[in-house]
Amino acid sequence: MARKVECGQFLVIEATRAEMHRACGSPGICDYCGKVSDNGYYIAVINQWFCPKCYEEWKKDARYYPQDRPVEERNYQYYSKLLCV
């Protein structure tokens with residue numbers, strides 16, 4: 001079941017490939033490495049879904065910019081409704 005995960009100030013949803021497919025037609029392919037993954041993380045600020053490996057790598061270098069918040073919140077609200085988070 002899709003759920004919000006803690007990632008500092010970032011808004012992130014953990015969701016399975018099947019949940020993403022049902023919600024928005026996503027094929028469950030990581031937007032970073034291009035590999036199919038059964039589980040992943042929707043990162044609202046960049047509007048992308050990452051496999052667990054790429055998500056962990058992204059977290060190492062991610063920097064929060066307050067000016068991105070309106071877009072991040074809009075993306076998060078849209079996908080959280082689709083994924084019933």
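A residue is termed buried when its relative accessible area is under 20%, exposed when over 50%, and partly exposed in between (1.4 Å probe, protein chains only). The structure is a predicted model, in which local features need pLDDT of at least 70 and side-chain atom pairs count only at pLDDT 80 or more, while totals for chains, interfaces and linings use all residues. Residues are numbered from 1 along each chain as its sequence is written, and side-chain values use heavy atoms, with hydrogens and water left out.

Helices (H or I, at least four residues) and strands (E, at least two) correspond to DSSP runs, numbered from the N terminus. Strand E3 spans residues 39–43, and four of its five residues are buried, so the strand is largely enclosed by the rest of the structure. Strands are taken as paired if DSSP finds at least two bridges between them. Strand E2 (residues 10–16) runs antiparallel to E3 and is joined to it by five bridges; in this pairing, valine 12 lies opposite isoleucine 43. E3 also pairs with strand E4 (residues 48–50), in the antiparallel sense and over three bridges. Here isoleucine 43 stands opposite glutamine 48. The hairpin of E3 and E4 has four residues between the strands, and asparagine 47 takes a positive phi near 55°.

Salt bridges were assigned where a side-chain nitrogen of Lys or Arg lies within 4 Å of a carboxyl oxygen of Asp or Glu. The structure holds five of these. One of them links lysine 59 to glutamate 56, with the closest N and O atoms 3.4 Å apart. The two residues are three apart in helix H2 (residues 52–61) and are therefore separated by about one helical turn. Lysine 59 is partly exposed at a relative accessible area of 33%, as is glutamate 56 at 38%.

Glutamate 57 forms a salt bridge with lysine 60, for which the closest N and O atoms are 2.9 Å apart. These residues, too, are three apart in helix H2, which places about one helical turn between them. Glutamate 57 is partly exposed, with 44% relative accessibility, whereas lysine 60 is exposed, with 60%.

In helix H3 (residues 69–82), glutamate 72 and arginine 69 are three residues apart, and so about one helical turn separates them. Their side chains meet in a salt bridge with an N to O distance of 3.2 Å. Glutamate 72 is buried, with a relative accessible area of 1%, and arginine 69 is partly exposed at 23% relative accessibility. Salt bridges with shared partners join Arg69, Glu72 and Glu73 into one network.
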